[in-house]
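Keep the model open beside the text.

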Amino acid sequence: MIMAERAVPSRVVAAERVAVEAGFTKSCIPEVGRLLGLAAASKPQGVIAESGTGSGVGTAWLHSGLGAGARLVTVEPDQELARGAAGVFADDDRVNVLTGDWRLLEQHAPFDVFFCDGGGKRDDPEGVVELLAPGGLLILDDFTPSPHWPPRFGGEVDELRLFYLTHPSLDATEVLTTPASSAVVAARRLHPGRPDVTAHPPAATANPANIPQH
C-alpha cells in the first residue's frame, strides 16, 4: 500500500513563505518540527518558549501541538523576521512574538517546553537550564552525530553538547533527526543530582558531515 505524505500544518507553510520572502534559510527541518509538535502536545496546559523565532517555522511546529490552555512565547532579534512571524499567528492570542534579546523570555519563565534555537544556547547554557520548570523539556538541534563519548565535533570534545547531556539538573539524551544531524532532548529533574559518570554514550551514529552548530 502506498502511503500518502504526512500533511504539513498550514501555519508551517505560511512561515516557510515568510522565510522565502525574507531570504531566510535557517528554519528548522520537518524532522525537528514534528519533535517540537510532540513536545508541545505533551504539555497541554503549559508555557512553551522558543529562542530564535526566525520566520516562525519552528514556532508553527510548536503551535501544531499547542493545547487550548497553553501559551507560546518566542523571541527574535531581527525586527523584519519577527514582524513576519507575528503575522502568521496574528489570529491566535495564545502566541506572543517578541522582538529583541533572548533574555526577554525570562519574564515569562518557567517553561514547560523550551526550544532553544537562538540566544542562550551557547552564550548562557546555565541560564537556559534555569528557565525550565521542574519536568520541563529542553530541545536543542543542529548537532552533528558523534560515535564517541564524550561526543566530539571537529576533532575535539564538544563541550557545549557535553554540558547539556551531563548537567546534574537534566535527564538528557541525543536523538538522530536525519542521518547527518541530531538534537539534544532533556527534561529538568524534580530533584537535581549528578548523573552516573559511567553512563553509556548516546545512540547517534557517525557521520562526517560538518553541520553548523548554533
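## Two helices side by side

Helix α1 (residues 10-22) packs against helix α3 (residues 57-64) at an angle of about 175°, and their axes lie 8 Å apart. That angle makes α1 roughly antiparallel to α3. Angles under 35 degrees count as roughly parallel, over 145 as roughly antiparallel, 65 to 115 as roughly perpendicular and the rest as oblique. Axes are lines fitted to C-alpha atoms, for helices over the stretch in contact, and angles run from 0 to 180 degrees between N-to-C directions. Helices (H or I, at least four residues) and strands (E, at least two) are DSSP runs, numbered from the N terminus.

Which residues of α1 and α3 meet? From α1 come Arg-11, Val-12, Ala-15 and Glu-16; from α3 come Val-57, Ala-60, Trp-61 and His-63. By class, this contact has five nonpolar, one polar and two charged residues. Here Ala, Val, Leu, Ile, Met, Phe, Trp, Tyr, Cys and Pro count as nonpolar, Asp, Glu, Lys and Arg as charged, and the others, Gly among them, as polar. Contact means heavy atoms within 4.5 Å.

## Basis of the model

This is a predicted model: local features need pLDDT of at least 70, side-chain atom pairs count only at pLDDT 80 or more, and totals for chains, interfaces and linings use all residues. Residues are numbered from 1 along each chain as its sequence is written, and side-chain values use heavy atoms, with hydrogens and water left out.

Arg-11 sits in helix α1. Leaving out residues up to four places away in sequence, Arg-11 touches Ala-60, His-63, Val-88, Phe-89 and Asp-91. Arg-11 and His-63 are 52 residues apart in sequence, yet 8.3 Å apart in space, C-alpha to C-alpha.

Helix α3 is mostly covered, with seven of its eight residues buried. Buried means under 20% relative accessible area, exposed over 50%, partly exposed in between (1.4 Å probe, protein chains only). The buried residues of α3 are Val-57, Gly-58, Thr-59, Ala-60, Trp-61, Leu-62 and His-63. Their cover includes α1, α2, β1, β2, β3 and β4.

## The chain as a whole

The protein chain has six helices and nine strands. Of its 214 residues, 47% are buried. Take the contacts between residues at least 6 apart in sequence: 66% of them join residues at least 24 apart.

## The sheet

Seven strands form an open sheet with mixed pairing, in the order β3-β2-β1-β4-β5-β9-β8. Strands β3 (95-99) and β8 (170-178) stand at the edges; each has a single partner strand, so one side of each is left without a neighbour in the sheet. Neighbouring strands are turned by 15° against each other on average, direction ignored. Two strands pair if DSSP finds at least two bridges between them.

Val-75 has Leu-98 in β3 as its bridge partner. Helix α2 (residues 30-41) packs on the sheet and touches β1 (47-51), β4 (111-116), β5 (132-143), β8 and β9 (181-188); its direction makes about 175° with that of β5. Helix α4 (residues 79-88) also packs on the sheet, touching β2 and β3, and its direction makes about 170° with that of β3. Leu-176 is bridged to Ser-182 in β9.

## Salt bridges

How many salt bridges does the structure hold? There are eight. A salt bridge is a side-chain nitrogen of Lys or Arg within 4 Å of a carboxyl oxygen of Asp or Glu. Arg-161 takes part with Asp-158 (3.1 Å, N to O). Arg-161 also forms one with Glu-174, where the closest N and O atoms are 2.7 Å apart. This second pair links distant parts of the chain: Glu-174 is in strand β8, Arg-161 in helix α6 (residues 159-166), 13 residues apart. Asp-158 and Arg-161 are buried, and Glu-174 is buried too.

Asp-171 and Arg-189 meet in a salt bridge as well (3.0 Å, N to O). Asp-171 lies in strand β8 and Arg-189 in the segment after β9, 18 residues apart. Asp-171 counts as partly exposed because its relative accessibility is 46%. Arg-189, at 18%, counts as buried. Elsewhere, salt bridges that share partners join Arg-103, Glu-106 and Asp-124 into one network.
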